[in-house]
Amino acid sequence: MNLIGIETSTENCSVALSQAGKITHRTTVAPQKHAELVLGYLDELLDEQGFRKSQIDGIVFGQGPGAFTGVRIAMSIVQGLALALDVPVMAVSTLENMADQINRNTTDSSSKIIIANDARMGEVYWAAFKSVNGQLQRLTDDALSAPEEVATQGFDVCAGSAFQSMLIANEMAALHADALPDAVNLLHMAQQNFSEQAANIVDIMPTYIREKVVFN
């Protein structure tokens with residue numbers, strides 16, 4: 001299956017192409033430049049592989065929560081591509097993408113993982129997961145909370161920018177404060193779940209969580 005992956009919900013601008021299982025990508029930390037970069041990155045990847053957009057079977061993207069503008073950019077680009085190419089779309093939580101990436105790169109087959117990203121305005125986006133025999137399972141839905149309301153005790157891994165900015169802390173856990181979601185891991189997730197989770201783009205909504213967005 002040939003898939004496109006797009007993740008722009010944080011400062012990381014990431015685009016990936018899976019062609020018969022081979023993944024190529026462009027990933028750059030470029031705050032405020034996602035709209036300028038995404039389609040150019042995609043065209044570069046397609047050209048490198050001698051690939052046409054008409055050969056794409058589906059799209060996977062990070063639906064948030066994250067920066068409002070970044071989530072909106074991904075949603076609008078994916079809508080345009082999906083409708084033009086008439087392909088299904090798999091939407092993935094940004095927080096779950098990060099947890100899955102950590103889970104894939106750990107040797108511990110059983111651990112509890114909490115992901116928390118700075119949501120600005122004195123709040124954090126967060127969600128909790130556990131690894132059971134290497135398989136990631138959710139413990140909570142994605143949420144928006146004040147840092148002091150996020151209980152990190154009992155977790156083996158803490159990851160995300162909320163820890164980097166010291167909004168919340170857990171001194172006993174393995175820390176991945178610089179962790180970022182990327183499109184490569186979206187494609188790894190899709191290789192297992194695309195057929196079950198893909199839908200028509202008209203039925204997919206971005207995940208903002210915060211109703212009132214004043215700053216990005």
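**Is Asp-100 buried or exposed?** Asp-100 is buried, with a relative accessible area of 10%; here, buried means under 20% relative accessible area, exposed means over 50%, and partly exposed is in between (1.4 Å probe, protein chains only). The legends below start with the whole molecule and then visit one site after another.

This is a predicted model, in which local features need pLDDT of at least 70 and side-chain atom pairs count only at pLDDT 80 or more, while totals for chains, interfaces and linings use all residues. Residues are numbered from 1 along each chain as its sequence is written, and side-chain values use heavy atoms, with hydrogens and water left out.

**Figure 1. The whole protein.** Let us begin with the overall picture. The protein has 5 helices and 11 strands; helices (H or I, at least four residues) and strands (E, at least two) are DSSP runs, numbered from the N terminus. Its C-alpha atoms fill a box of roughly 50 × 40 × 30 Å, taken along the principal axes. A compact globule of 216 residues would have a radius of gyration near 17 Å, and the protein agrees because its value is 17 Å. That radius is taken over C-alpha atoms, and the globule rule is 2.2 Å times the number of residues to the power 0.38. Of the 216 residues, 49% count as buried. Where contacts link residues at least 6 apart in sequence, 64% join residues at least 24 apart; contact means heavy atoms within 4.5 Å.

Figure 2. Look for the side chains of Asp-100 and Arg-104, which meet in a salt bridge (2.5 Å, N to O). A salt bridge is a side-chain nitrogen of Lys or Arg within 4 Å of a carboxyl oxygen of Asp or Glu. Side chains of opposite charge can pair when their charged atoms come close. Because Asp-100 and Arg-104 are 4 residues apart in helix 3, about one helical turn separates them. Arg-104 counts as partly exposed, at 35% relative accessibility, whereas Asp-100 is buried.

**Figure 3. Arg-138 and its partners.** Glu-96 is partly exposed at 26% relative accessibility, and Arg-138 is partly exposed with a relative accessible area of 33%. Arg-138 also forms a salt bridge with Asp-142, and here the closest N and O atoms are 2.9 Å apart. Elsewhere, salt bridges that share partners join Arg-26, Glu-44 and Glu-48 into one network. A search of the whole structure finds 6 salt bridges.

**Figure 4. Thr-10 and its surroundings.** Find Thr-10 in the loop between strand 1 (3-7) and strand 2 (12-19). Thr-10 is buried, with a relative accessible area of 13%. Which residues touch Thr-10, leaving aside its neighbours within four places in sequence? Thr-10 is in contact with His-34, Thr-94, Asn-117, Leu-180 and Pro-181.

Figure 5. Most residues other than glycine have a negative phi, and most peptide bonds are trans. With that in mind, turn to the peptide bond from Gly-64 to Pro-65, which is cis, with omega near 5 degrees. Pro-65 sits in the loop between strand 4 (58-62) and helix 2 (68-85). Next comes Ala-20, which has a positive phi of about 55 degrees although it is not a glycine. Ala-20 belongs to the loop between strand 2 and strand 3 (22-29), and it is exposed, with a relative accessible area of 69%. Met-121, too, is a residue other than glycine with a positive phi, near 55 degrees. Its loop runs between strand 6 (110-120) and strand 7 (123-132), and Met-121 counts as partly exposed at 38% relative accessibility.

**Figure 6. Glu-196 and Met-90.** Glu-196 is found in helix 5 (residues 183-197). Its relative accessible area is 60%, so Glu-196 is exposed. How many residues lie between Glu-196 and Met-90 in sequence terms, and how far apart are they in space? Glu-196 and Met-90 are 106 residues apart in sequence and 9.1 Å apart in space, C-alpha to C-alpha.
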